[in-house]
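This report describes one protein model, beginning with a term and then moving from the whole chain to single residues. Please keep the structure in view while reading.

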Amino acid sequence: GKPLAESLAAGLLTLGGLHAPLQEAAFVWRSGHNPDWLESLPTHNIPGFGSSWVKGKPDPEFDQVLATWDDDMRARLDLITTFVQIQTGKDIYPNAALITAATCVDLGYAPHELQSVLISARLPVWINLYINNRRTL
């Protein structure tokens, strides 16, 4: 029931932290080539890992993106995943934050720029949802 600008602002304020922690996931990705980084990870809420929708296996929604990665990127992802699973003792896998962060870092984005990619992708969808929901009121 709020105006569009307020609704979009509310959506933007949900990003970061536990929801879409792209900058934090970029740190995990960039540090993942060095096994010593494992000791600095928390044992819960590791940025870029875990899913509310898919448990105990990789999320198939990312298969198309991962198919575009080269062998080195996929090997790094496997290494990081193994480290995270050992550290947490959980069968968790990369989520949208890590896949997005890794892809964007590989494309040359700096970690502090990653939210711009996320926002530019979500904004048209949020606007469409807003318009469609307002029509039903």
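A residue is called buried if its relative accessible area is under 20%, exposed if it is over 50%, and partly exposed in between. Phe27 has 47% relative accessibility, so Phe27 counts as partly exposed. This residue is found in helix 2. The model is a predicted one, and the values below are computed from it.

**The whole chain**

The protein has 6 helices and 0 strands, which gives the pattern α-α-α-α-α-α along the sequence. Of its 137 residues, 34% are buried. The protein exposes about 8,600 Å², and carbon and sulfur atoms supply 57% of that area. Among the contacts with a separation of 6 or more, 78% are between residues 24 or more positions apart.

In soluble globular proteins, nonpolar side chains tend to be buried together. The largest nonpolar core here contains 27 residues, and those that touch the most other members are Trp29, Phe49, Trp69, Leu77 and Leu98. Helix 2, helix 4, helix 5 and helix 6 each give two or more residues to this core. Helix 5 gives the most, with 6 residues.

**Helix 5**

Which residues of helix 5 are buried? Helix 5 covers residues 96-106, and its buried residues are Ala97, Leu98, Ile99, Ala101, Ala102 and Cys104. An α-helix has 3.6 residues a turn, so residues three or four places apart point the same way. The cover over the buried residues of helix 5 includes helix 2 (22-31), helix 3 (63-66), helix 4 (71-88) and helix 6 (114-135). Leu98 shows contacts of its own: leaving out residues up to four places away in sequence, Leu98 touches Ala25, Val28, Trp29, Gly48, Phe49 and Leu77.

Both ends of helix 5 can be described. After the helix comes Gly108, whose phi is positive, near 105°.

The structure holds 1 aromatic pair. The ring centres of Trp29 and Trp69 are 5.5 Å apart and the ring planes are at 55°, so the pair is tilted. It links distant parts of the chain, since Trp29 is in helix 2 and Trp69 is in the loop between helix 3 and helix 4, 40 residues apart. Are these residues buried or exposed? Trp29 has a relative accessible area of 4%, so Trp29 is buried. Trp69 has 5% relative accessibility and therefore also counts as buried. The charged end of Arg76 sits over the ring of Trp29, 4.9 Å from the ring centre.

**Gln85 and C-alpha distances**

Gln85 lies in helix 4. Apart from neighbours within four places in sequence, Gln85 is in contact with Lys90, Asp91, Ile92 and Tyr93. With Asp91, the side chain of Gln85 makes a polar contact of 3.4 Å.

| Residue pair | Separation in sequence | C-alpha to C-alpha distance |
|---|---|---|
| Gln85 and Phe49 | 36 residues | 9.6 Å |
| Phe27 and Gly48 | 21 residues | 9.8 Å |

Methods
Residues numbered from 1 in each chain as written. Predicted model: local features only at pLDDT ≥ 70, side-chain atom pairs only at ≥ 80, totals over all residues. Heavy atoms only, no water. Buried < 20%, exposed > 50% of the residue type's maximum accessible area, 1.4 Å probe, protein only. Helix = DSSP H or I, 4+ residues; strand = E, 2+ residues; numbered from the N terminus. Contact = heavy atoms within 4.5 Å. Areas by Shrake-Rupley, 256 points an atom, 1.4 Å probe, with all protein chains shown as cover. Core = buried A, V, L, I, M, F, W, Y, C linked by side-chain atoms within 4.5 Å. Polar contact = N/O pair within 3.5 Å; in protein donor to acceptor, adjacent residues only side chain to side chain. Phe/Tyr/Trp six-rings, centres within 6.5 Å; stacked < 30°, edge-to-face > 60°. Lys NZ or Arg CZ within 6 Å of the ring centre and 35° of its normal.
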